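Me: Hi! I'm new to this one, could you walk me through it?

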Amino acid sequence: MVLETISRIIKVQLPAYLKKLPLPESIGGFTKLTVSEWLRLLPLLGILALLGYLTIRPFLPKKKKQKDSLINLKIQKENPKVVNEIDIEDLNCQNVCYCRCWRSKTFPVCDKSHLKHNELTGDNVGPLILKKKIL
């Protein structure tokens, strides 16, 4: 019963619908169509637009997505919590930058990996900067 209905739609009703459409002979003929003729063309134009979009969609650029919802992807994963302690008195430099994005190859020290992370994800993370006061 269902297949007979689909067959009837494809063989009888669709050709009859297409024959009744006010398709002009040239591109310029579209400017002469009335509002009611345009309304009769809308379903066909909508289907053609949808098919066109579905055809080109695989070739459209993909949106950048964050790979994971996890922030720490690889550093000290064997530990339940990553904690690094550094005594400020032991700082050898005046300024030291520590990583907060978890992407640094020199973790816990920042190597500016957050710049690429921010570009890919739209995040705004930056380093923790410790400054040693000079007395």
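**Rings, core and domains**

Reply: Happy to! Let's start with Trp38, which is partly exposed, with a relative accessible area of 33%. Keep in mind that this is a predicted model.

Me: Which ring does Trp38 pair with, and how are the two planes set?

Reply: Trp38 pairs with Phe30: the ring centres are 5.9 Å apart and the planes are at 35°, so the pair counts as tilted. Phe30 is partly exposed too, with a relative accessible area of 28%.

Me: How many aromatic pairs are there in the whole structure?

Reply: A search of the whole structure gives two aromatic pairs. Besides Phe30 with Trp38, there is Trp102 with Phe107.

Me: Why does the pair of Trp102 and Phe107 count as stacked?

Reply: Their planes are at 20°, and the cut-off for stacked is under 30 degrees. The centres of those two rings lie 5.0 Å apart.

Me: Is Phe107 buried or exposed?

Reply: Phe107 counts as buried, because its relative accessibility is 19% and the limit for buried is under 20%.

Me: Okay, what's in the largest nonpolar core?

Reply: Six residues make it up: Ile75, Val82, Cys99, Cys101, Phe107 and Val125. So Phe107 belongs to the stacked pair and is also one of the core residues.

Me: And what does Ile75 touch?

Reply: Leaving out residues up to four places away in sequence, Ile75 touches Val82, Trp102, Ser104 and Phe107. Both rings of the stacked pair, Trp102 and Phe107, are therefore on that list.

Me: New topic. How is the chain divided into domains?

Reply: Domain 1 covers 1-59 and domain 2 covers 68-134. The C-alpha centres of the two domains are 58 Å apart.

Me: Where does UniProt place the transmembrane region?

Reply: The UniProt entry, which is unreviewed, puts a "transmembrane region" at residues 38-56. In this model that span is 100% helix and 0% strand, and its end C-alpha atoms lie 26 Å apart.

Me: What about Thr55, which helix is it in?

Reply: Thr55 sits in helix α2, residues 35-56. At 53% relative accessibility, Thr55 counts as exposed.

Me: Which backbone oxygen lies 2.7 Å from a polar atom of the Thr55 side chain?

Reply: That is the backbone oxygen of Leu51.

Me: Last one: how far is Thr55 from His117?

Reply: In sequence, Thr55 and His117 are 62 residues apart. In space, they are 32 Å apart, C-alpha to C-alpha.

Notes. Residues are numbered from 1 along each chain as its sequence is written. This is a predicted model: local features need pLDDT of at least 70, side-chain atom pairs count only at pLDDT 80 or more; totals for chains, interfaces and linings use all residues. Side-chain values use heavy atoms; hydrogens and water are left out. UniProt positions are given in the numbering used here, feature names are shortened, and annotations may be inferred rather than shown by experiment. Helices (H or I, at least four residues) and strands (E, at least two) are DSSP runs, numbered from the N terminus. A nonpolar core is a set of buried Ala, Val, Leu, Ile, Met, Phe, Trp, Tyr and Cys residues joined through side-chain atoms within 4.5 Å. Buried means under 20% relative accessible area, exposed over 50%, partly exposed in between (1.4 Å probe, protein chains only). Contact means heavy atoms within 4.5 Å. Rings of Phe, Tyr and Trp (its six-membered ring) pair if their centres lie within 6.5 Å; planes under 30 degrees apart count as stacked, over 60 as edge-to-face and the rest as tilted. Domain bounds come from an automatic or database domain assignment. A polar contact is a pair of N or O atoms within 3.5 Å; within protein, one must be able to donate a hydrogen and the other to accept it, and residues adjacent in sequence count only if both atoms are side-chain atoms.
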